[in-house]
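Trainee: I would like to learn how to read a structure such as this one, going feature by feature. Could we look at it together?

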Amino acid sequence: MSSEMKMTRRIATDGLLTAVCFMLSYVETLLPSAGLPGVKMGLANICVLFALYRLTTWDAVVISGVRIILNWIIFGNISGAIYSVFGAILSLGAMYMLKKSGKFSTIGVSLAGGAVHNFGQVLAAVIMLGPGALGYLPPLLILGEATGAVNGIVAGVILGRVKGWGNSV
Amino acid sequence: MNKTARNDILLAVAIALAAVAVFLIRIFPAAPAQSCEVIHAGATEAVLPLDGNGVYVCGSVEIEISDGSARIKKSGCPEQICVKHKPISRSGEAVICAPEGVMIRITGEGPDFVQ
């Protein structure tokens, strides 16, 4: 395959995953939010995990970034996007390191990504709203563990079943 | 159990502990200092912090602060009702020694006596 072909294929793959990611973000807005603002399933993280394992870290960054921008334009408000950016940067960094260490399964990587994402969100809230926002961290972390584990299991199943993607891209 | 599964569980436990730690750190400084207000003949005579220990003398009345609660230890009054009153520690609780015109009252936020 020529390098041009490879690039085209990569753009198509990233576009496809971004679309799935975005759709999962939309599905999330339909789910109830357990009474706390910012509580979400984080289903989009399944896509990011998939990209992280099957494509490169940069593909995961691109998919995450485009998703946040799309989400902001279509559903969101600016403060939501700022929380998301903070969370996503930290979360991607943590997931990248844990994946690279090779000592964790997708469940562990997803758990850490979720927890660090929550931490980033609360950090952004503390900067914007004051230290009172720190009170949100414990419930977010506990709920984030549950959703992170679910996402990690789903990502693991998908990675196991979807063959012929990624490393051949 | 394989190694990655064990690491996953350790990670989950670590995150849960971090959550609990943040929760506890948030709870403890939130317990605000309470104090015992001494009112004599209708005017506030002293405000004693409840976290200290000691005895405050107001006329014939001795007020003792210990273990986060306040009580009237001695009084020159005939009935000694105030001395028999249990120690007080919650906001809004009070002990009154009517003959001596002394009242002690817990002020500040924290565990509230008045529901």
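Mentor: Let us begin with a single side chain, keeping in mind that this is a predicted model. The side chain of A:S110 comes within 2.5 Å of the backbone oxygen of A:G148, and A:S110 itself sits in helix α5, residues 106–129 of chain A.

Trainee: Is A:S110 buried or exposed, and which residues does A:S110 touch beyond those up to four places away in sequence?

Mentor: A:S110 is buried, since its relative accessible area is 1% and the cut-off for buried is under 20%. Leaving out residues up to four places away in sequence, A:S110 touches A:N45, A:L49, A:G148, A:N151 and A:G152.

Trainee: How should I read a salt bridge, and how many are there over all chains?

Mentor: The general idea is that side chains of opposite charge can pair when their charged atoms come close. Over all chains the count is four salt bridges. One of them joins A:D59 and A:R10, with N to O at 2.9 Å; because A:D59 belongs to helix α3 (residues 57–74) and A:R10 to helix α1 (residues 3–30), the pair ties together parts of chain A that are 49 residues apart in sequence. A:D59 is buried at 3% relative accessibility, whereas A:R10 is partly exposed at 29%.

Trainee: Which residue forms a salt bridge with B:R105?

Mentor: That partner is B:E37, at 3.1 Å from N to O, and the pair links distant parts of chain B, with B:R105 in strand β7 (residues 102–107) and B:E37 in strand β1 (residues 35–40), 68 residues apart. Here B:R105 is partly exposed, with a relative accessible area of 32%, while B:E37 is buried, with 12%.

Trainee: And how do I read the place where the two chains meet?

Mentor: The size of an interface is often given as the accessible area lost when the parts come together. Between chain B and chain A the buried area is about 1,200 Å², with carbon and sulfur atoms giving 72% of that area. On the side of chain B, the residues that lose the most area to chain A are B:D8, B:I15 and B:R26, together 41% of what that side buries.

Trainee: How many residues take part from each chain, and how many salt bridges are counted between chain B and chain A?

Mentor: Chain B brings 13 residues to the contact and chain A brings 19. The count of salt bridges between the chains is zero, although three residue pairs are in polar contact there. By class, the side of chain B that touches chain A has eight nonpolar, two polar and three charged residues.

Terms used: Residues numbered from 1 in each chain as written. Chains lettered and ligands numbered in written order. Predicted model: local features only at pLDDT ≥ 70, side-chain atom pairs only at ≥ 80, totals over all residues. Heavy atoms only, no water. Contact = heavy atoms within 4.5 Å. Buried area = accessible area lost by both parts, 1.4 Å probe. Salt bridge = Lys/Arg side-chain N within 4 Å of Asp/Glu carboxyl O. Polar contact = N/O pair within 3.5 Å; in protein donor to acceptor, adjacent residues only side chain to side chain. Nonpolar A, V, L, I, M, F, W, Y, C, P; charged D, E, K, R; others polar. Helix = DSSP H or I, 4+ residues; strand = E, 2+ residues; numbered from the N terminus. Buried < 20%, exposed > 50% of the residue type's maximum accessible area, 1.4 Å probe, protein only.
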